[in-house]
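Colleague: I would like to learn how to read a pocket and a helix. Please take me through them step by step.

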Amino acid sequence: THYKITQTRSAIGLGEGKKETLVSLGLHRRMQTVYHPHGPEVAGKVLKVKEIVQVENVTVDQVRTKEEQRQERKADRGYSV
């Protein structure tokens with residue numbers, strides 16, 4: 001029900017149109033991941049930058065907010081109280 005879109009390549013050297021498409025998808029840096037619901041306008045944007053991004057179909061329970069993604073990347077404390 002959602003697209004998991006990850007930018008795998010840099011946008012340096014691309015035309016302004018493709019850079020603006022990445023920004024409209026919410027992608028600003030390499031290896032950044034965003035989630036969007038299925039729809040024709042998101043599909044069109046993905047097709048425009050298909051060489052730069054990796055797309056997966058995920059279910060609703062696999063969608064992560066920015067805060068959840070940040071918590072998953074955080075290192076363990078190294079000790080327990």
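Colleague: How much space lies in the largest pocket?

Modeller: Rolling a probe the size of a water molecule over the atoms shows where empty space is left. Here the largest pocket holds about 290 Å³. A pocket is an open set of points on a 1 Å grid over the protein atoms alone, where a 1.4 Å probe fits, with protein on both sides within 12 Å along at least five of seven lines; lining residues have an atom within 4 Å of a point. The volume is the space filled by probe spheres set on the points, which are joined across faces, edges and corners.
This is a predicted model, in which local features need pLDDT of at least 70 and side-chain atom pairs count only at pLDDT 80 or more, while totals for chains, interfaces and linings use all residues. Residues are numbered from 1 along each chain as its sequence is written, and side-chain values use heavy atoms, leaving out hydrogens and water.

Colleague: Which element gives the largest share of the lining of the largest pocket?

Modeller: That is α3 (66–73), with five residues. Helices (H or I, at least four residues) and strands (E, at least two) are DSSP runs, numbered from the N terminus. Among the lining residues are Arg29, Thr33, Lys66 and Arg73.

Colleague: Which residues of α1 are buried?

Modeller: Buried means under 20% relative accessible area and exposed over 50%, with partly exposed in between (1.4 Å probe, protein chains only). In α1 (16–25), the buried residues are Thr21, Leu22 and Leu25. They line one face of the helix, because they fall within an arc of 100 degrees seen down its axis, the arc being that of the directions from the helix axis to the C-beta atoms. Glu16 and Glu20 are exposed on the face turned away from that buried side. Just after α1, Gly26 has a positive phi of about 95 degrees.
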